[in-house]
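Biologist: Hi! Could you walk me through this one while I have it open on my screen?

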Amino acid sequence: MEWFMADPSPKSGRQTYTSQFSGNDKDEKYVNPIYAALGTLLPKKVLKSGSEAEKFESDELNFSPVLQADTKRKNLPIDEMRTLIETGLKQDQWMVTGKVHSWLFRDDFSFSDPSVAVSSLAAYARGVNKLFYQDGSKMDVYDVVAKDDSTLEINWRLEATINIPFKPRIKPFKITTTYWLDEDGLVWAGEDKFEVNDFELLISIFFPSFGVITPPLEG
């Protein structure tokens, strides 16, 4: 399999990789060849929760009807935006399910984390939905904080099963997600920072108890 260099991720400027044989979303780039190789094992279609065998006939997202709104919610006060994102994440967990509240985001939303970078909202939603086995994954939101008038910080805990053939569970860990808003008040970019390093995360795919495990939320 041949790997080639792709454009740097949007906020971090890190170099990314993809594979000409991977079949992955054209807007999805991996940070290193190891993650890109694992990405080739992910399903090529968006999965419904409830059964691994149930697949959509296309790459359409599993949005509930309320998520089909065409109108973007522009120029909301930052406190209202913070509340909408916190409530939406607790309700639909889009960082795991892909059920993004699209009216709060630009369609060309760019995202990066220590493993992958994407350059559209649709690619982001498809990517997280395919990455996580939906019956064995969830996110717990600690808080959403407005850092300034155009920056939101989400602190949350991921507990997940990776959707590759042997369905490995990775150890629960904390993630800090930063969202940047544009001049219209829509989220134009996001970046995840993990409390675990790349080595520890990869090892936990095979040894879930390796290292420090973030405990679940109390209450």
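Predicted model: local features only at pLDDT ≥ 70, side-chain atom pairs only at ≥ 80, totals over all residues.

Biologist: Where is Asp192?

Modeller: Asp192 belongs to strand S9, which covers residues 187–194.

Biologist: Buried or exposed, that Asp192?

Modeller: Asp192 counts as buried, because its relative accessibility is 8% and the cut-off for buried is under 20%.

Biologist: Which residues does Asp192 touch, leaving out those up to four places away in sequence?

Modeller: On that count, Asp192 touches Phe111, Ser112, Asp113, Pro114, Trp156, Ile175, Thr176 and Thr177.

Biologist: Let's switch to the core. Which residues touch the most other members of the largest nonpolar core?

Modeller: Those are Ile85, Trp94, Met95, Phe105, Tyr124, Leu158 and Tyr179, out of 42 residues in that core. As a general point, nonpolar side chains tend to be buried together in soluble globular proteins.

Biologist: Pick Tyr179 for me. What does Tyr179 touch, again not counting residues up to four places away in sequence?

Modeller: Tyr179 touches Ile85, Trp94, Met95 and Phe105, among others. The list also has Phe109, Ser150, Thr151, Leu152, Ile154, Val187, Ala189 and Gly190.

Biologist: Now charges. How many salt bridges does the structure hold?

Modeller: There are 10 salt bridges in the structure. One of them pairs the side chains of Lys72 and Asp107, at 2.9 Å from N to O. That pair links distant parts of the chain, with Lys72 in the loop between H1 and H2 and Asp107 in strand S4 (residues 105–112), 35 residues apart.

Biologist: How accessible are Lys72 and Asp107?

Modeller: Lys72 counts as partly exposed at 21% relative accessibility, while Asp107 counts as exposed at 54%.

Biologist: Which residue does Arg106 form a salt bridge with?

Modeller: Arg106 pairs with Asp108, and their closest N and O atoms are 2.9 Å apart. Arg106 is partly exposed, with a relative accessible area of 26%, and Asp108 is partly exposed too, at 39% relative accessibility.

Biologist: What about Arg157 and Glu159?

Modeller: Their side chains meet in a salt bridge, 2.8 Å from N to O. Arg157 counts as buried at 4% relative accessibility, whereas Glu159 counts as partly exposed at 21%. Through salt bridges that share partners, Asp140, Arg157, Glu159 and Arg169 are joined into one network.

Biologist: Nice. Which residues are buried in H5?

Modeller: In H5, the buried residues are Glu200, Leu201, Leu202, Ser204 and Ile205. At the start of H5, a side-chain oxygen of Asn197 comes to within 2.7 Å of the backbone nitrogen of Glu200.

Biologist: And Phe206, is that buried or exposed?

Modeller: Phe206, in helix H5 (residues 198–206), is exposed, with a relative accessible area of 56%. Together with Phe166 and Phe207, Phe206 forms a nonpolar patch on the surface, and the three have about 380 Å² of accessible area together.

Biologist: Time for backbone angles. What is phi of Asn75 near?

Modeller: Phi of Asn75 is near 55°, a positive value in a residue other than glycine. Asn75 sits in the loop between helix H1 (33–39) and helix H2 (78–92), and is exposed with a relative accessible area of 53%. Lys167 also has a positive phi, near 50°. You'll find Lys167 in the loop between strand S7 (151–161) and strand S8 (169–181), where Lys167 counts as partly exposed at 21% relative accessibility.

Biologist: One last stop: where is Gln134 found?

Modeller: Look in the loop between helix H4 (121–131) and strand S6 (138–148). Gln134 is buried, with a relative accessible area of 16%.

Biologist: What does the side chain of Gln134 reach?

Modeller: The Gln134 side chain reaches the backbone oxygen of Asn129 at 3.3 Å. Also, the C-alpha atoms of Gln134 and Ala160 are separated by 8.5 Å, with the two residues 26 apart along the chain.

Biologist: Great, thanks for the tour!

Conventions: Residues numbered from 1 in each chain as written. Heavy atoms only, no water. Helix = DSSP H or I, 4+ residues; strand = E, 2+ residues; numbered from the N terminus. Buried < 20%, exposed > 50% of the residue type's maximum accessible area, 1.4 Å probe, protein only. Polar contact = N/O pair within 3.5 Å; in protein donor to acceptor, adjacent residues only side chain to side chain. Patch = residues over 30% accessible without salt bridge, like charges linked within 9 Å, V, L, I, M, F, W, Y side chains within 5 Å. Areas by Shrake-Rupley, 256 points an atom, 1.4 Å probe, with all protein chains shown as cover. Salt bridge = Lys/Arg side-chain N within 4 Å of Asp/Glu carboxyl O. Core = buried A, V, L, I, M, F, W, Y, C linked by side-chain atoms within 4.5 Å. Contact = heavy atoms within 4.5 Å.
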